[in-house]
Amino acid sequence: MTSPNHDMIECPFEADVLDALASARWPDRVGAELSQHVATCQICQDVVAVSAAMQEDNDAALGEWNDANVPSSGQMWWRAEMRARQEAVRDASRPVTVAQGVAAGLTLGLAGAGGWFAWPTVQGFFAGLLPAASSSEPTVFASTMFLPVAVAMLALVVVAPVALYFVLSDN
Ligand SMILES: [Zn+2]
């Protein structure tokens, strides 16, 4: 067993004291029991002292914050104005980018649709190219992995020049 004096790091009334401080009931509107306890309890006196110090710090910090921010509202307006101008400049150069994006998207969509409809043909083509397309399992695995990759590569080769054409012709 350790002695109670060494264990007294926290006090059962500490929460009550904090509560009273937080709700601004301290020191005038707390029960006699609590104020009597605090008068005899070092921990609770510390809580009150620390809280009072923090409150002063807060007030001081809040005061500085207000002082610093009132004159800077003009600066904030100026910054917002500059941002609006920068965005206006960016908007002016945007239509080209949008047209390029639409062109690229359309080409990709067309290529995707073309690839979808051409899929059986492509599948048959590559299946015919594969030497051991007859039966065994590893080959089946390899071909199922190979075909989508091959189609993707083919689509890329076809799409890239078309997309480039659209992008360049749009400028
Ligand atoms: Zn206490």
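Colleague: Which residues does Glu-14 touch, not counting residues up to four places away in sequence?

Modeller: Keep in mind that this is a predicted model. Glu-14 touches Ile-9, Ile-43, Cys-44 and Val-47. Glu-14 is found in helix 2, residues 14-22.

Colleague: What makes Glu-14 partly exposed?

Modeller: Its relative accessible area is 22%. Buried means under 20%, and exposed means over 50%. Glu-14, at 22%, is therefore partly exposed. From Glu-14 to Val-38 is 9.0 Å in space, C-alpha to C-alpha, and 24 residues in sequence.

Colleague: How do you know that Val-47 is buried?

Modeller: The cut-off for buried is under 20%. Val-47 has a relative accessible area of 12%, so the residue is buried. Val-47 lies in helix 4. Leaving aside neighbours within four places in sequence, Val-47 is in contact with Glu-14, Val-17, Leu-18 and Leu-21.

Colleague: What makes up the largest nonpolar core?

Modeller: Eleven residues, including Cys-11, Val-17, Leu-34, Val-38, Cys-44 and Val-47. Helix 2, helix 3 and helix 4 (42-92) each give two or more residues to this core. Helix 4 gives the most, with four residues.

Colleague: What does Cys-11 touch, not counting residues up to four places away in sequence?

Modeller: His-37, Cys-41, Ile-43 and Cys-44. Apart from this core lies another, of five residues, among them Val-122, Leu-147, Ala-150 and Val-151.

Colleague: Is His-37 buried or exposed, and how do you know?

Modeller: His-37 is buried, because its relative accessible area is 17% and the cut-off is under 20%. His-37 lies in helix 3. Residues up to four places away aside, His-37 touches Cys-11, Phe-13 and Cys-44.

Colleague: Which residues of helix 3 are buried?

Modeller: In helix 3, residues 32-40, the buried ones are Leu-34, His-37 and Val-38. They cover an arc of only 100° around the axis, so they sit on the same side of helix 3.

Colleague: Why can residues three or four places apart point the same way?

Modeller: An α-helix has 3.6 residues a turn, so residues at that spacing point the same way.

Colleague: What lies on the other side of helix 3?

Modeller: Ala-32, Gln-36, Ala-39 and Thr-40, which are exposed.

Colleague: What makes the Asp-19 and Arg-25 pair a salt bridge?

Modeller: The rule asks for a side-chain nitrogen of Lys or Arg within 4 Å of a carboxyl oxygen of Asp or Glu. The side chains of Asp-19 and Arg-25 meet at 3.3 Å, N to O, so the pair is a salt bridge. By this rule the count comes to one. Asp-19, at 46% relative accessibility, is partly exposed. Arg-25 is partly exposed too, at 29%.

Colleague: Why is Thr-107 called buried?

Modeller: Its relative accessibility is 4% and the cut-off is under 20%, so Thr-107 counts as buried. Thr-107 lies in helix 5, residues 94-129. Not counting residues up to four places away in sequence, Thr-107 touches Val-159, Val-162, Ala-163 and Phe-166.

Colleague: Why is Tyr-165 called exposed?

Modeller: Exposed means over 50%. Tyr-165 has a relative accessible area of 57%, so the residue is exposed. Tyr-165 lies in helix 6, residues 137-170.

Colleague: Which residues form the nonpolar patch on the surface?

Modeller: Leu-154, Val-158, Val-162, Tyr-165 and Phe-166. Together they have about 470 Å² of accessible area.

Colleague: How many helices and strands are there in the chain?

Modeller: Six helices and zero strands. Read along the sequence, the pattern is α-α-α-α-α-α.

Colleague: How much of the chain counts as buried?

Modeller: Of its 171 residues, 14%. The accessible surface of the chain comes to about 13200 Å², and 66% of that belongs to carbon and sulfur atoms.

Technical notes
Residues numbered from 1 in each chain as written. Predicted model: local features only at pLDDT ≥ 70, side-chain atom pairs only at ≥ 80, totals over all residues. Heavy atoms only, no water. Patch = residues over 30% accessible without salt bridge, like charges linked within 9 Å, V, L, I, M, F, W, Y side chains within 5 Å. Areas by Shrake-Rupley, 256 points an atom, 1.4 Å probe, with all protein chains shown as cover. Buried < 20%, exposed > 50% of the residue type's maximum accessible area, 1.4 Å probe, protein only. Arc of directions from axis to C-beta. Contact = heavy atoms within 4.5 Å. Core = buried A, V, L, I, M, F, W, Y, C linked by side-chain atoms within 4.5 Å.
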